[in-house]
Amino acid sequence: MVAIVTDKATGSSQSVSLNALSVENPSVVKIPLSPREIAQFAREGDDLLIRLHSGETIRVGDFYVSDGGEHSQLVLEDEDGNLWLGEHSEGLADFQFSQIE
């Protein structure tokens, strides 16, 4: 499974394995998961940890690093192709998802 990471500054996108997921600059990180598959989010340093009900953990390296007020965003894509934007409090891992129309 791969994520699509889109750099907010340049607009360039790349496919990245979920096993080696990290951002260099504030980015939009799109992961092919339904919000229902996620058991918990946690912050560890500047990394975001996504724990799934299956027991798997996905680490997004440097997710919380900001640049000039810009920060990374998490988007999930469910099995039906619906996109879900994750909103969280500044610096926290308290994600709430709303469907992108």
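Beyond its neighbours within four places in sequence, Ala39 touches Arg51, Leu52 and His53. The model is predicted. Ala39 sits in strand 4, which spans residues 38-44. Elsewhere, strand 7 (residues 73-77) pairs with strand 3 and with strand 8. Ser72 lies in the loop between strand 6 and strand 7.

**Ala39 and its setting**
- Ala39 has 46% relative accessibility, so it counts as partly exposed. The cut-offs explain the label, because buried means under 20% and exposed means over 50%.
- Ala39 and Ser98 are 59 residues apart along the chain, and their C-alpha atoms are separated by 17 Å.

- Strand 4 pairs with strand 5 (residues 47-52) over 6 bridges, in the antiparallel sense.
- Within this pair, Gln40 stands opposite Arg51 of strand 5. Arg51 is also among the contacts of Ala39.

**Strand 7 and its partners**
- Strands of a sheet pair through backbone hydrogen bonds, either parallel or antiparallel.
- Strand 3 (residues 27-31) and strand 7 run parallel and are joined by 4 bridges.
- Lys30 stands opposite Val75 of strand 7.
- With strand 8 (residues 83-87), strand 7 pairs in the antiparallel sense, again over 4 bridges.
- Across that pairing, Glu77 stands opposite Leu83 of strand 8.
- Strand 7 and strand 8 form a hairpin, with 5 residues between them. In the turn, Gly81 has a positive phi of about 85°.

- Ser72 counts as buried because its relative accessibility is 1%, where the cut-off for buried is under 20%.
- A polar atom of the Ser72 side chain lies 3.0 Å from the backbone nitrogen of Ser27.
- Leaving aside neighbours within four places in sequence, Ser72 is in contact with Val23, Asn25, Pro26, Ser27, Phe63 and His88.

Methods
Residues numbered from 1 in each chain as written. Predicted model: local features only at pLDDT ≥ 70, side-chain atom pairs only at ≥ 80, totals over all residues. Heavy atoms only, no water. Pairing = 2+ DSSP bridges. Helix = DSSP H or I, 4+ residues; strand = E, 2+ residues; numbered from the N terminus. Buried < 20%, exposed > 50% of the residue type's maximum accessible area, 1.4 Å probe, protein only. Contact = heavy atoms within 4.5 Å. Polar contact = N/O pair within 3.5 Å; in protein donor to acceptor, adjacent residues only side chain to side chain.
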